[in-house]
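This briefing is meant for a reader meeting the structure for the first time.

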Amino acid sequence: QVQLVESGGGLVQAGGSLRLSCTASGRTVSSYAMAWFRQAPGKEREFVAALSWSGLSTYYSDSVKGRFTISRDSAKNTVYLQMNSLKPEDTAVYYCAASLSTRVPLRKADEYDYWGQGTQVTVSS
């Protein structure tokens, strides 16, 4: 079992950047496929980015492709989401998730086994 804790959220102006961190305890992040999802008020949770179990493949939603980058640092047992060129529509609670599956890609929330508590990202116009 793994516990996930997100950090790095906050308030930023449109066009700015933030880096979210997801630190795991219990097991190494290298044992899991990892992903970031987000949920805006009144909307369903949506896929943002994923990193395959091997760490060799990344996947992004069309809305963030070219602006966001998912990565991991196994030594720190942490997964990151670098968010650049932020837009007001990126405002949401961002969640880190882990899956034991080795299938790729994993874009659906119900494919993930463990979740963090979320971190708020607010982008002002």
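Which hand does the link of Cys22 and Cys96 have, judged by the angle about the S-S bond? In this predicted model, the link is left-handed, with an angle of -75° about the S-S bond.

**The disulfide**

- The structure holds one disulfide, and this disulfide joins Cys22 to Cys96 with a distance from S to S of 2.0 Å.
- Distant parts of the chain are linked by the pair, since Cys22 lies in strand 3 and Cys96 lies in strand 9 (residues 92-99), 74 residues apart.
- Cys22 has a relative accessibility of 0% and therefore counts as buried, the cut-off being under 20%.
- Cys96 is likewise buried, because its relative accessible area is 0%.

- Four strands, taken in the order 1-3-8-7, form an open sheet in which the pairing is antiparallel.
- Strand 1 (3-7) and strand 7 (68-73) stand at the edges of the sheet, and each has a single partner strand, so one side of each is left without a neighbour in the sheet.
- From one strand to the next, the twist averages 20°.

**Strands 3 and 8**

- Strand 3 (residues 18-25) and strand 8 (residues 78-83) run antiparallel and are joined by six bridges.
- Within this pairing, Leu18 stands opposite Met83 in strand 8.

Methods:
Residues are numbered from 1 along each chain as its sequence is written. This is a predicted model: local features need pLDDT of at least 70, side-chain atom pairs count only at pLDDT 80 or more; totals for chains, interfaces and linings use all residues. Side-chain values use heavy atoms; hydrogens and water are left out. Two strands pair if DSSP finds at least two bridges between them. Helices (H or I, at least four residues) and strands (E, at least two) are DSSP runs, numbered from the N terminus. Axes are lines fitted to C-alpha atoms, for helices over the stretch in contact, and angles run from 0 to 180 degrees between N-to-C directions. A disulfide is a pair of cysteine sulfur atoms within 2.5 Å. Buried means under 20% relative accessible area, exposed over 50%, partly exposed in between (1.4 Å probe, protein chains only).
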